[in-house]
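Subject: A structure for you to explore

Hi there,

Here is the structure I promised to pass on to you. Have a look around first, and then read my notes below.

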Amino acid sequence: MEPEIPGGMDEVVSGVLAIYQRNPLLRMIVRLNPITSVAEAGILGTVDMYLNRRMFVFAQELISLNIDPPEDRIRKREFIDAFSATQRKVRETTNDNKIKTFAALFASYYEGSIFSSVDHYEEFLRILDEISEREFRVLLILDRHERLNPLQVSENQLGRANRIWQAFTDEVESSVGIPVKHLAAVMKRLERTGLYEPIIGSYLNYGGGRGYLTPLFESFLQATKISPREDKDHPGQGTT
């Protein structure tokens with residue numbers, strides 16, 4: 001059973017109802033959501049809105065991010081496609097932090113400075129949907145080690161990986177609980193996201209199993225409004 005929405009019912013309903021009356025995006029959430037579509041008038045005062053807690057968290061986060069598009073923007077096909085795709089992912093997600101990150105990603109789409117098309121946006125949406133808590137924590141740890149150890153003059157990616165890999169694997173084991181013998185499999189799975197690239201080639205004394213973050217990882221952090229220094233609230237919070 002999912003936890004109850006915090007705060008008193010009257011206070012929460014009154015606050016959201018006031019925003020609902022002036023926010024067309026929130027009204028769109030109610031219309032598109034099958035659980036809450038009993039009747040638009042007074043819908044936010046019904047038990048159904050509480051049962052659909054995931055969309056409530058999503059809507060609250062959009063409000064906190066000041067996402068209040070005009071009616072004409074909401075009617076555009078591209079906007080509806082992006083929003084509908086995001087809503088489907090939210091309804092399948094149980095963790096509040098991940099739901100809030102979906103809202104942050106949609107906010108980046110709305111702001112228009114990162115994504116060139118709905119297809120581009122949905123690529124990031126799929127990455128966020130697929131990545132797990134442990135996987136993302138691993139990437140954040142690798143990112144920190146790479147930032148602290150930039151490439152030296154004439155150094156290739158393998159050279160830097162060799163310098164940081166022991167400290168990286170030790171921290172992953174102590175902080176995330178993934179032993180070294182299992183880390184290679186985790187990194188292999190992360191290749192599917194495009195955020196991590198393995199180092200492949202014939203190098204002296206190199207048996208494989210190391211890699212580096214791609215430029216897409218930095219773009220992903222920017223699109224989800226995540227600071228590279230964040231270690232707690234991140235999109236990997238929960239796998240569903």
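**Charged pairs**

Let me start with Arg160, which counts as buried, because its relative accessibility is 8%. Please keep in mind as you read that this is a predicted model.

Which residue does the side chain of Arg160 meet in a salt bridge? The partner is Glu146, at 3.9 Å from N to O. Glu146 lies in helix H9 and Arg160 in helix H10 (residues 157–176), so the pair ties together parts that are 14 residues apart in sequence. Glu146 is buried too, with a relative accessible area of 10%. If you wonder why such pairs form at all, side chains of opposite charge can pair when their charged atoms come close.

Another pair involves Asp143 and Arg147, whose closest N and O atoms are 2.8 Å apart in a salt bridge. Both residues sit in helix H9, and because they are 4 residues apart there, about one helical turn separates them.

Arg163 is partly exposed, its relative accessible area being 39%. There is also a network: Glu130, Glu135, Arg189 and Arg192 are joined into one by salt bridges that share partners. In total, the structure holds 12 salt bridges.

**The whole protein**

Now step back and look at the overall fold. Following the sequence, the order is α-α-α-α-α-α-α-α-α-α-α-β-β-α. The protein has 240 residues, and 45% of them are buried. Of the contacts with a separation of 6 or more, 68% are between residues 24 or more positions apart. As for the surface, the protein exposes about 12,400 Å², and carbon and sulfur atoms supply 50% of that.

**The nonpolar core**

How many residues does the largest nonpolar core have? It has 55, and Phe58 and Phe168 are those with the most contacts inside it. The elements that give two or more residues to this core are helix H4 (53–64), H6, H7, H8, H9, H10, helix H11 (180–190) and H12. H7 gives the most, with 8 residues.

Setting aside neighbours within four places in sequence, Phe168 is in contact with Val138, Ile141, Leu142, His145, Leu183 and Met187.

**Helix H8**

Which residues of H8 are buried? They are Val118, Tyr121, Phe124, Leu125, Ile127, Leu128 and Asp129. Among the elements covering the buried residues of H8 are helix H6 (77–91), helix H7 (96–111) and helix H12 (215–223).

In H12, the buried residues are Phe217, Phe220, Leu221 and Ala223. They lie on the same side of H12, because they cover an arc of only 165° around the axis. The face turned away from that buried side carries the exposed residues Pro215 and Gln222. H7, H8, helix H9 (133–148) and S2 are among the elements that cover the buried residues of H12. Just after H12, look for Lys225, which takes a positive phi of about 60°.

Finally, find Thr214 in the loop between strand S2 (211–213) and H12. Thr214 is buried, with a relative accessible area of 13%. Apart from neighbours within four places in sequence, Thr214 is in contact with Gly194, Leu195, Tyr196 and Glu197. From C-alpha to C-alpha, Thr214 and Tyr196 are 5.5 Å apart in space, although 18 residues apart in sequence.

Enjoy exploring, and write back with any questions!

Best wishes

Terms used. Residues are numbered from 1 along each chain as its sequence is written. This is a predicted model: local features need pLDDT of at least 70, side-chain atom pairs count only at pLDDT 80 or more; totals for chains, interfaces and linings use all residues. Side-chain values use heavy atoms; hydrogens and water are left out. Buried means under 20% relative accessible area, exposed over 50%, partly exposed in between (1.4 Å probe, protein chains only). Contact means heavy atoms within 4.5 Å. The arc is that of the directions from the helix axis to the C-beta atoms. Accessible areas come from the Shrake-Rupley method with a 1.4 Å probe; for residues, only the protein chains shown count as cover. A salt bridge is a side-chain nitrogen of Lys or Arg within 4 Å of a carboxyl oxygen of Asp or Glu. A nonpolar core is a set of buried Ala, Val, Leu, Ile, Met, Phe, Trp, Tyr and Cys residues joined through side-chain atoms within 4.5 Å.
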